[in-house]
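Dear colleague,

I am passing this structure on to you, and below it I have set out what was found in it. Please read the notes with the structure open beside them.

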Amino acid sequence: MSMTKYLLGATAALALCAGAAAADPALIFDLGGKFDKSFNEAAFNGAERWAAETGGSYKELEMQSEAQREQALRRFAEAGANPIVMTGFAFGDVLNTVAPDYPDTKFAIIDMVVDQPNVRSVVFQEEQGSYLVGMMAAMASKTGVVGFVGGMDIPLIRKFECGYAQGAKAANPDVKVVYNMTGTTPAAWNDPVKGSELTKAQIAQGADVVFSAAGSTGLGILQTVADEDILGIGVDSNQNYMHPGNMLTSMVKRVDLSVYEAFMEGTDLETGVIVSGLADNGVGYALDEYNADLVTDEMKAAVDEAAAKIVAGEIVVHDYMTDNTCPVE
Amino acid sequence: MDYATLIEVLGSTLRLGTPLLLACLAGLYSERAGIFDIGLEGKMLMAAMASGAVAALTGSAWLGLGAGIVASLIFAMIHGLASITFRGNQLISGVALNFVASGATVLIAQTLFHQGGRTPPLSGDARFHGIALPGVEALSSVPWLGPFYAKVISGHSLLVYLALAAVPLTWWLLFRTRFGLRLRAVGENPESVDTAGVSVIRLRYTALVLTGVLCGIAGAYMATALQAGFGREMTAGRGYIALAALIFAKWRPWYALGATMLFGFLQAIALRPDVIEGTLHMKIPVPALDALPYILTVIVLAGFVGRAIPPRAGGQPYVKER
């Protein structure tokens with residue numbers, strides 16, 4: 001029924017516009033949900049910005065389980081959506097098998113590289129942004145212990161952790177970094193209770209700054225940070241507004257821009273791999289009215305200097321995913 | 001593991017064990033009355049959503065608690081209607097209610113707040129905060145006992161103490177009152193209760209009311225004390241772990257306290273891989289720890305640790321003889 005509707009709609013649109021870019025783009029959110037106030041919500045904001053500016057409409061779908069991925073991709077492709085943007089590394093394998101079946105449809109995937117002629121892969125140099133917030137954490141910590149709570153234990157999240165640890169050690173070689181991963185399944189992106197308890201455990205180990213890189217689980221982490229009155233660092237979106245006074249900063253990753261740009265290019269989407277980092281403001285730290293009082297001039301100067309050096313290539317932040325090891329503990 | 005770490009883990013145990021304890025006692029009442037209730041999970045989820053939503057709208061944690069209990073009661077009564085009045089299959093009714101709760105909670109929360117099936121973050125009076133018990137100051141100088149009292153016994157939310165108080169209360173109600181005797185009898189041999197002129201139907205409904213209230217408190221605790229708001233599937237299988245704990249506890253209230261706190265301890269220790277490694281000098285994968293409650297239950301069911309005998313009339317709808 002709905003398939004027929006889509007097909008009819010697509011046919012009608014094609015007939016009307018006679019070959020012009022008629023198809024609506026589509027956006028698929030990963031587990032963790034559209035309103036995680038972090039990764040997926042950034043993608044949503046990018047799509048909304050596109051819709052507001054162009055007056056266009058787009059299709060969207062939230063993943064509810066692992067099994068839906070392929071079905072969702074095929075449904076959108078067959079309904080004529082173009083381009084189809086998806087968030088999250090977990091779509092990698094599925095997209096690799098689906099993309100060749102729809103050579104006329106353009107796909108974009110964020111956080112994963114898929115080597116197909118009709119796919120754009122957007123990856124970020126998270127280690128660079130994490131390095132900067134790691135420096136800030138070490139400088140803001142009074143106990144000399146900083147914490148990291150990750151979502152699912154995957155190389156991508158290890159990359160955040162490794163960059164963070166490198167930055168913290170660079171600012172203060174004596175700092176101790178404690179880290180935990182919430183779990184080993186995608187459910188780890190959506191377990192605020194566990195995030196909260198992990199944060200309490202890290203506080204018990206002396207941590208007074210905690211970096212949350214865990215999707216919706218982060219809501220529990222940052223809530224506990226506020227309840228226990230320590231400092232937290234948000235991720236992906238600027239999360240400073242969530243708990244003013246307890247948010248040191250956020251490691252922003254411009255997923256919104258990636259989605260916005262992909263939608264803007266529409267069916268003419270250029271394929272290939274895009275690596276986005278500090279140099280093109282794809283990652284960075286957030287400074288706004290909510291955390292202005294917490295970020296000292298000294299801190300800001302040190303971080304900005306490090307950022308400039310990373311862009312210039314004078315500081316090389318090790319990327320965990322290149323060899324699956326981290327030079328610092 | 002040093003003493004300070006142990007205290008932290010025990011504090012975490014109590015926080016994580018409380019929803020299990022409440023749900024386990026809830027299951028105890030219904031199963032003792034001969035109604036299997038696999039729907040504990042769904043009731044907790046409904047209660048968590050209702051309490052999170054009402055607390056967010058009114059700013060009162062108490063109204064939230066009330067709403068949670070009402071929501072859970074509604075589900076308990078539907079279960080009663082299906083399995084007592086219409087003599088349906090209790091397991092199927094319970095599973096169905098779990099599925100309904102899983103979808104309905106997200107749908108209602110999304111319709112009300114448009115935040116992806118989540119309720120807005122709660123703060124201030126909309127949450128049950130930790131309360132300091134009297135005497136924390138006075139005992140703080142005492143070694144060992146002082147920090148234990150301050151971190152493990154004191155500082156939890158009111159609902160934690162309510163759950164702990166429910167254990168002796170349940171024991172007294174079940175084993176020292178006439179109502180308790182009849183409730184147990186209706187789960188073992190409903191014919192005898194009927195012969196004595198007591199309504200089986202009414203007793204079983206009463207048991208489900210108690211189940212509903214306790215599940216309601218458990219859900220409200222999740223959304224307004226442990227966390228600040230409801231999130232999709234936030235009970236994360238705790239209803240099933242509580243059922244496992246109920247078998248582990250052999251359907252007895254004091255054992256239920258022990259079983260749920262043991263399972264709570266396993267959950268708490270799973271969060272501290274550093275402690276496990278430091279104590280045992282070996283790495284244990286976290287999923288292995290998460291699976292332990294179920295493994296322990298299977299061991300008990302297999303009869304290695306005494307025998308676990310469920311109430312004899314459990315799962316069978318009562319048909320009055322003519």
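In what follows, helices are DSSP runs of H or I with at least four residues, strands are runs of E with at least two, and both are numbered from the N terminus. Please keep in mind that this is a predicted model.

Read in those terms, chain B runs along its sequence as α-α-α-α-α-α-α-α-α-α-α-α-α-α, which comes to 14 helices and zero strands. Its radius of gyration is 20 Å, close to the 20 Å that the globule rule gives for 322 residues, so chain B is as compact as a globular protein of that length. Of these 322 residues, 48% count as buried, and among the contacts in chain B between residues at least 6 apart in sequence, 77% join residues at least 24 apart.

Turning to chain A, six strands form an open sheet with parallel pairing, in the order β2-β1-β3-β4-β5-β11. The edge strands of chain A, each pairing on one side only, are β2 (59-62) and β11 (272-276). Strand β1 (residues 26-29) of chain A pairs with β2(A) over four bridges in the parallel sense, and A:I28 has A:L61 in β2(A) as its bridge partner. Helix α2 (residues 39-54) of chain A packs on this sheet, where it touches β1 and β3 (84-87) of chain A, and its direction makes about 165° with that of β1(A).

As for how the chains meet, 17 residues of chain B are in contact with 18 residues of chain A. Helix α1 (residues 3-32) of chain B gives the most to the side of chain B that touches chain A, with three residues, and by class that side has eight nonpolar, five polar and four charged residues.

With best regards

Conventions: Residues numbered from 1 in each chain as written. Chains lettered and ligands numbered in written order. Predicted model: local features only at pLDDT ≥ 70, side-chain atom pairs only at ≥ 80, totals over all residues. Contact = placed C-beta atoms within 7 Å. Nonpolar A, V, L, I, M, F, W, Y, C, P; charged D, E, K, R; others polar. Rg over C-alpha atoms; globule rule 2.2 N^0.38 Å. Buried ≥ 20, exposed ≤ 12 C-beta atoms within 10 Å, placed from the backbone. Pairing = 2+ DSSP bridges. Axes fitted to C-alpha atoms, helices over the stretch in contact; angles between N-to-C directions.
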